[in-house]
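Here is a short report for a first look at this model. Start with the picture, then read on.

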Amino acid sequence: MAAENNDKKQTRREKLAGYFYDISKLTYAALVLGGIVPALTKMNVRINILAIVFGILMSYVFAYFANKILKS
């Protein structure tokens with residue numbers, strides 16, 4: 001019974017960590033890669049740079065949370 005509960009907890013942690021890793025990848029793709037394209041066309045560069053920086057920061061934060069969940 002205890003082994004079954006541990007397996008469930010481990011699976012739950014792995015899925016939650018995978019969710020945060022996926023959010024990290026989506027944030028990177030949407031904000032960073034999406035911010036580069038308008039920057040190349042010189043459309044409101046200041047906002048694009050903020051989006052890129054915010055995307056990199058949030059990608060790191062989500063990946064950090066996923067890593068913490070897996071290590072716990």
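## Two helices packed together

The buried residues of helix 2 pack against helix 1. This is a predicted model, where local features need pLDDT of at least 70, side-chain atom pairs count only at pLDDT 80 or more, and totals for chains, interfaces and linings use all residues. Residues are numbered from 1 along each chain as its sequence is written, and side-chain values use heavy atoms, with hydrogens and water left out.

Helices here are DSSP runs (H or I, at least four residues), numbered from the N terminus. Helix 2 has 27 residues. From first C-alpha to last, helix 2 reaches 39 Å, close to the 39 Å expected at 1.5 Å a residue. That expected span is 1.5 Å times one less than the number of residues.

## The buried side of helix 2

Which residues of helix 2 are buried? They are N48, I52, G55, S59, F62, A66 and I69. Buried means under 20% relative accessible area, exposed over 50%, and partly exposed in between (1.4 Å probe, protein chains only). An α-helix has 3.6 residues a turn, so residues three or four places apart point the same way.

## Contacts across the helices

T27 lies in helix 1, which covers residues 2-40. T27 counts as buried because its relative accessible area is 13%. Leaving aside residues up to four places away in sequence, T27 touches V32, G55, M58, S59 and F62. Contact means heavy atoms within 4.5 Å.

## The nonpolar core

The largest nonpolar core has 6 residues: A17, F20, I23, F62, A66 and I69. Helix 1 and helix 2 each supply at least two residues of this core. Such a core is a set of buried Ala, Val, Leu, Ile, Met, Phe, Trp, Tyr and Cys residues joined through side-chain atoms within 4.5 Å.

## Aromatic pairs

The structure holds 5 aromatic pairs. Rings of Phe, Tyr and Trp (its six-membered ring) pair if their centres lie within 6.5 Å; planes under 30 degrees apart count as stacked, over 60 as edge-to-face and the rest as tilted. Y19 and F20 have ring centres 5.8 Å apart and planes at 70 degrees, so this pair is edge-to-face.

F20 is buried, at 18% relative accessible area. F20 also forms an edge-to-face pair with F65: 6.1 Å centre to centre, 65 degrees between the planes. This pair links distant parts of the chain, with F20 in helix 1 and F65 in helix 2 (residues 45-71), 45 residues apart. F65 is partly exposed, at 39% relative accessibility. Ring pairs link Y19, F20, Y60, F62, Y64 and F65 into a cluster.
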